[in-house]
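Have the structure open and follow along as you go.

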Amino acid sequence: MSITDNPVFTDAEAAREWLESTLWPEGPICPHCGMIGCSTALNGKSHRPGLWKCKGCDGHFTVTVGTVMERSHIPLNKWLLAMHLMGASKKGMSAHQMHRMLGLTYKSAWFMCHRIREAMREGKIPGPLGGANKVVEVDETYVGGKAKNRAFKPVPPKEPVVALVERGGRVRSHHVATVDGKNLKPILKEQIDAASHIMTDESPIYPSMMGGFAGHSTVNHSINEYVRGGFFIHTNTVENYFSIFKRGIIGTYHHVSATHLKRYLGEFDFRYNLRSGLGVEDGERMTHIAMGVTGKRLTYRRIGGRKAAQTARHA
Ligand SMILES: [Zn+2]
């Protein structure tokens, strides 16, 4: 999909039509009474664009009614372009880049980026990771804690992140308060199929939470992989995931506050889980994001408001 050639990225009406055909494959869905395909388009000049009237309840609606896009002054084609860019950019796209590329104010770009990130985070693919004869690698890392200049006092603490990655499959990463059994055990139990074989490093916290899983192997990070019991013993997959995340955080976002860390993790999880290596194309990623954006509401206040926007700008 070429950005410059595709009218959904340059024309608000084309963008609206794309949203309608994507979100309403069987015809317009009335948000008032739920009837599908029983509405007529109101094309008169006195109506706002994209207005429909339901034959069931006489209610009026558009494809963006009740969503963050409805009251946004940002044209729909720019929303779609932002979704496409965030879905396709391996290391993410900062509000600064979005502000310059889309000709929006920084504040609008910041809000839009967070809303899209939230849609990516909440669009989790259901079901546990792993299964019989499958390996799930679990590892922890620490994010942040560096101050580029003395303006940051005190230096923010490093934030622990735990990721679970099914080899050849999906990831789920979590920002936790501390890396310990109390925090990790429920996550592992809930998110990993008990028939899976778990690989971790030699951290002493893991063995106590392995009861119930099919097996557990540990690896010393400094030692090359080897084979035992039919499995390649390593945690390279989860370490690669962390390296993509950290390159994105350092290269694109420079600094991420503890408050927003889970949203950035959601963004990187989303792209990893809908990567082309699993047969997913850029267009499908955009569809997933659009469904997330229209399915939920997020007010400016809820994601931290003006104060957070300023913090992000100076970061
Ligand atoms: Zn209706």
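The notes below cover the cysteines, then the ring pairs, then the charges over rings. Please keep in mind that this is a predicted model. It holds 0 disulfides and 5 aromatic pairs.

**Cysteines**
- Cysteine 33 is partly exposed, because its relative accessibility is 37%.
- Cysteine 57 also counts as partly exposed, with a relative accessible area of 34%.

**Ring pairs between helices α6 and α7**
- Among the 5 aromatic pairs is that of tyrosine 241 and tyrosine 272, whose ring centres lie 5.3 Å apart with the planes at 85°, so this pair is edge-to-face.
- Tyrosine 241 belongs to helix α6 (residues 236-253) and tyrosine 272 to helix α7 (residues 261-273), so their pairing ties together parts 31 residues apart in sequence.
- Tyrosine 241 is buried at 1% relative accessibility, and tyrosine 272 is buried at 12%.
- Phenylalanine 245 and phenylalanine 268 form an edge-to-face pair, with 5.0 Å from centre to centre and 85° between the planes.
- Phenylalanine 245 is in helix α6 and phenylalanine 268 in helix α7, so this pair ties together parts 23 residues apart in sequence.
- Phenylalanine 245 and phenylalanine 268 are both buried.

**A ring cluster**
- Trp24, Trp52 and Phe61 are linked into a cluster by ring pairs.

**Charges over rings**
- Arginine 271 places its charged end over the ring of phenylalanine 268, 4.7 Å from the ring's centre.
- Over the ring of tyrosine 272 sits the charged end of arginine 275, 4.1 Å from the ring's centre.

Terms used. Residues numbered from 1 in each chain as written. Predicted model: local features only at pLDDT ≥ 70, side-chain atom pairs only at ≥ 80, totals over all residues. Heavy atoms only, no water. Disulfide = S-S within 2.5 Å. Buried < 20%, exposed > 50% of the residue type's maximum accessible area, 1.4 Å probe, protein only. Phe/Tyr/Trp six-rings, centres within 6.5 Å; stacked < 30°, edge-to-face > 60°. Helix = DSSP H or I, 4+ residues; strand = E, 2+ residues; numbered from the N terminus. Lys NZ or Arg CZ within 6 Å of the ring centre and 35° of its normal.
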